[in-house]
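Please walk through this protein chain with the sequence and the coordinates side by side. The text below takes up some loop positions, then a helix pair, then the chain as a whole.

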Amino acid sequence: FLNGSKSLDNCFKKPAVRQGGTRKKTTQSTSHPKSGTNVVRIPFSPRAKETGHGKDSSGNVRKDSTSDGQHQLTRKFACFAKVENNELDVIHQLDDMDSKFFFPAARMVSDLEGQIPISLQMNAENGVMGIPSDKFLGTKGPQSLYAYEYQGKVHMDISYTKFGDDPHECISIRKFESVPMLKPEDGNRVLVQVEASTVSIRDCKIRQGKFKIEEYGSLPVTPGVDVVGKVIGVSQSTSSSFALYPGQSVLSLVQVGGNSRYISVDPERLVKVPEGMDPAQVVCLCDTYLSAFQSLHYGQIAFSRYAEKSLENKTVLIIGSIASMFGKAVMELAVDGNAAIVFATAKRKYWRMLLGLGIIPLPDDSTEWLNRVEGTVDLTLIVGVEEPSRVAAFHERALRENGRLIICGGDEPKKTLSSKMRFVFYNVYNEWEKELEVSKRDIQHLIGLLEKEKIRPKVLDRLPLAKVADAQKLIESKAKLTGILVCEPWMKTKKRALYL
């Protein structure tokens with residue numbers, strides 16, 4: 001139907017056909033044409049390389065069956081949308097046979113070269129975690145191998161059963177008897193199979209009872225402020241209205257519910273993700289990098305907001321924890337936006353690193369330099385400091401006449417700090433609710449920067465659901481974390497620092 005055929009039959013071909021009453025599986029190859037292995041080797045990039053073409057035993061070029069299977073599935077659901085439009089609202093949901101084309105059996109991550117997805121069709125009897133040693137390609141840095149159980153289709157999540165300071169006492173792992181399915185009464189909700197979500201300080205604060213429970217419903221509450229995953233269930237009307245189809249990668253800032261294997265999301269709140277990107281890196285964009293980008297570009301219109309030199313001729317001053325992931329994201333984006341001058345307060349041990357990034361370091365004691373920059377700064381960001389309102393009032397002197405000071409992650413106080421109204425209390429969750437469409441475009445812009453490797457979110461560790469309590473404990477330990485902790489809810493086992 002879509003490719004010019006007079007019959008619809010070709011549109012509904014499955015990647016597996018029945019012969020003699022049994023299902024014959026299509027042979028899948030993920031061979032790289034040069035390496036001859038079943039591993040797709042990619043350079044350091046969040047986007048996986050497309051699988052190429054292999055050759056059969058006769059030497060003839062054949063299409064890669066993974067790509068062909070995905071193409072047939074996409075075409076199949078596109079046909080449904082065309083044929084049944086304005087009729088009964090059919091719900092499309094991936095089954096186990098279809099899921100094998102969209103989820104990896106394992107992923108190898110190299111500190112120097114990025115991630116390498118490994119096919120579900122790989123049959124292995126020895127090697128590391130069931131993957132033959134000859135499938136690994138040597139690199140110059142430590143490697144980690146993560147194995148998943150996507151085909152198990154067992155629904156699990158973690159939840160807070162009570163509020164408290166000890167995550168191990170408050171968190172329980174729930175295992176469900178059945179997999180969630182979309183129903184007609186669910187309206188236009190989309191069912192997403194989660195591949196990655198973060199473990200964050202906000203999760204810890206929710207567990208500690210520092211937010212009103214009315215905002216998230218009654219206990220139990222599942223933590224996880226963001227998700228990246230694939231659509232596995234969508235109604236025909238929603239698919240047509242939002243151009244969503246099963247197997248499509250999406251992300252969302254959900255605030256709660258992310259540390260789960262499945263989640264139902266309003267399609268209005270989904271952002272599409274290009275195929276082949278590493279879910280763990282992409283999920284870092286939802287909270288950390290979106291906060292940094294919106295803080296730096298607060299009030300800018302789209303024409304200049306997404307320009308290649310969006311901060312040209314601007315002087316930026318960063319006050320606070322530049323060692324945090326948010327601080328690093330702010331510095332990355334300020335440099336990428338081509339800011340004329342970027343100042344950052346930091347301890348002397350970080351000065352060499354800042355100078356290497358093109359950032360001018362300043363002592364933590366602002367009395368040593370405030371008089372020298374007074375009246376020259378276009379944008380000041382207050383990041384992760386105690387008593388931010390007091391700090392902001394003291395540093396207002398650094399701003400130009402039309403300058404602005406952003407207090408990141410704070411809630412606006414009852415009284416105004418400045419008669420000039422130059423202070424902004426920025427919170428990414430408030431901004432997501434108030435300016436959803438702008439926030440979605442911002443994330444799409446950040447995805448583009450990630451594809452071009454202009455930003456590099458650092459994933460400190462990938463962990464299964466069973467380790468979320470440990471991760472929250474680590475976050476609250478006051479340790480200086482150098483990256484973001486990412487929960488991969490389908491992770492089965494992992495091996496760290498493999499030198500192969």
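Glutamate 453 sits in the loop that runs between α14 (436-451) and β22 (459-463); helices (H or I, at least four residues) and strands (E, at least two) are DSSP runs, numbered from the N terminus. Although glutamate 453 is not a glycine, its phi is positive, about 65°. Its relative accessibility is 31%, so glutamate 453 counts as partly exposed. Buried means under 20% relative accessible area, exposed over 50%, and partly exposed in between, with a 1.4 Å probe and protein chains only. The model is predicted: local features need pLDDT of at least 70, side-chain atom pairs count only at pLDDT 80 or more, and totals for chains, interfaces and linings use all residues. Residues are numbered from 1 along each chain as its sequence is written, and side-chain values use heavy atoms, with hydrogens and water left out.

Another positive phi, near 55°, belongs to alanine 243, also a residue other than glycine. Alanine 243 is found in the loop between α5 (236-242) and β13 (249-253). With a relative accessible area of 42%, alanine 243 is partly exposed.

Arginine 422 is in the loop between β20 (399-408) and β21 (423-426). Is arginine 422 buried or exposed? At 10% relative accessibility, arginine 422 counts as buried. Leaving aside residues up to four places away in sequence, arginine 422 touches Glu396, Leu399, Arg400, Glu401, Gly403, Arg404 and Leu405, where contact means heavy atoms within 4.5 Å.

Turning to the helix pair, α7 (residues 288-296) and α9 (residues 325-336) pack with axes 9 Å apart, at an angle of about 50°. Axes are lines fitted to C-alpha atoms, for helices over the stretch in contact, and angles run from 0 to 180 degrees between N-to-C directions. α7 and α9 are therefore oblique to each other. Angles under 35 degrees count as roughly parallel, over 145 as roughly antiparallel, 65 to 115 as roughly perpendicular and the rest as oblique. Residues of α7 in the contact include Tyr289 and Phe293, and those of α9 include Phe326 and Leu333.

For the whole protein chain, there are 15 helices and 24 strands. Of its 500 residues, 52% count as buried. Among contacts between residues at least 6 apart in sequence, 71% join residues at least 24 apart.
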